[in-house]
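Reader: I would like to go through this structure feature by feature. Please give the general idea each time, then the case at hand.

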Amino acid sequence: MGANTYKIGSDKLIWDGGGIDTVSAASAKAKTYIDMNDGSWSWVGKKAKSLLDDGQSWTGHFTQIEKAIGSRYDDKIVGNELDNIIQGGKGNDTITGGGGADRLFGGAGKDTFVLKSYADMGTLEHHDEIMDLQPGDKIDLRALHTAFRGSGESDAILTPGTGGQFYFNSVSQELRFDADGNGVIDAAVAVHANTINQAILIIF
């Protein structure tokens with residue numbers, strides 16, 4: 001019921017009823033797929049035919065995992081509906097936060113942060129944060145079908161009456177989105193980077 005850490009590929013069944021818990025691939029010997037959702041299958045190397053095979057882990061139904069730590073290889077990590085903390089570690093990782101207001105750390109390597117829906121970003125008051133965007137990293141917004149309006153200091157940079165648009169606010173250091181074109185920001189993601197140029201390496 002306390003704060004527990006489970007090793008992907010070593011712990012076959014991950015089940016936890018409370019506390020702030022972590023799934024970790026820090027000691028993995030190959031790239032890792034981590035799915036933090038309950039009722040999900042994760043693995044080191046490749047998915048096997050059986051959970052009993054080496055490198056396989058199952059997260060039980062109704063299990064809540066709050067944190068994930070990747071390996072030194074090229075991992076894929078998928079968050080759940082909670083406010084997750086996800087650390088990619090070394091390697092060229094792909095991180096999808098999922099629901100909630102997540103804190104996403106790519107770590108070393110050329111990482112990709114995937115945002116699949118406005119709802120997955122959290123709320124305007126409590127939203128996702130990309131904590132360490134570095135040269136070579138990318139933010140993948142292709143699922144949103146949105147248009148980039150550049151960088152500016154206010155929402156006035158947006159085009160009135162045009163839905164599916166966003167910009168980078170250079171004051172708040174956020175990507176700010178107007179989904180329906182009513183001139184009101186619907187969603188935001190905080191981006192922590194050393195320069196504005198790093199903060200707009202975006203696929204959309």
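Predicted model: local features only at pLDDT ≥ 70, side-chain atom pairs only at ≥ 80, totals over all residues.

Reader: How many strands does the open sheet have, and in what order do they lie?

Author: Two strands pair if at least two bridges are found between them. Here the open sheet has 10 strands in the order β1-β3-β7-β9-β11-β13-β18-β17-β16-β15, and the pairing is mixed. Its edge strands are β1 (5-7) and β15 (147-152), each of which pairs on one side only. From one strand to the next, the twist averages 15 degrees.

Reader: What joins strand β9 to strand β11?

Author: Three bridges join β9 (residues 85-87) to β11 (residues 103-105), and these two strands run parallel.

Reader: Where is Asp 102 placed, and is it buried or exposed?

Author: Asp 102 is in the loop between β10 (94-96) and β11. Asp 102 is buried yet has no salt bridge. A salt bridge needs a side-chain nitrogen of Lys or Arg within 4 Å of a carboxyl oxygen of Asp or Glu. For Asp 102 the nearest side chain of opposite charge is Arg 103, at 9.7 Å.

Reader: Which backbone nitrogen does the side chain of Asp 102 reach?

Author: That of Asn 84, at 2.8 Å. Neighbours within four places in sequence aside, the residues in contact with Asp 102 include Asn 84, Leu 82, Asp 83, His 127 and Glu 129.

Reader: Why does Thr 96 count as buried?

Author: Buried means under 20% relative accessible area. Thr 96 counts as buried because its relative accessibility is 11%. Thr 96 is placed in strand β10. Leaving out neighbours within four places in sequence, Thr 96 is in contact with Ile 77, Val 78, Gly 79, Ile 86, Val 114 and Lys 116. Thr 96 and Gly 161 are 65 residues apart in sequence, with 30 Å between their C-alpha atoms.

Reader: Why is His 61 partly exposed?

Author: Partly exposed is the range between buried, under 20%, and exposed, over 50%. His 61 is partly exposed because its relative accessible area is 49%. His 61 lies in the loop between β6 (56-59) and β7 (67-69).

Reader: Which residues does His 61 touch?

Author: Not counting residues up to four places away in sequence, His 61 touches Trp 15, Asp 38 and Gly 39. The C-alpha atoms of His 61 and Asp 16 are separated by 9.5 Å, and the two residues are 45 residues apart along the chain.

Conventions. Residues numbered from 1 in each chain as written. Heavy atoms only, no water. Helix = DSSP H or I, 4+ residues; strand = E, 2+ residues; numbered from the N terminus. Axes fitted to C-alpha atoms, helices over the stretch in contact; angles between N-to-C directions. Buried < 20%, exposed > 50% of the residue type's maximum accessible area, 1.4 Å probe, protein only. Lys, Arg positive; Asp, Glu negative; His and termini not counted. Polar contact = N/O pair within 3.5 Å; in protein donor to acceptor, adjacent residues only side chain to side chain. Contact = heavy atoms within 4.5 Å.
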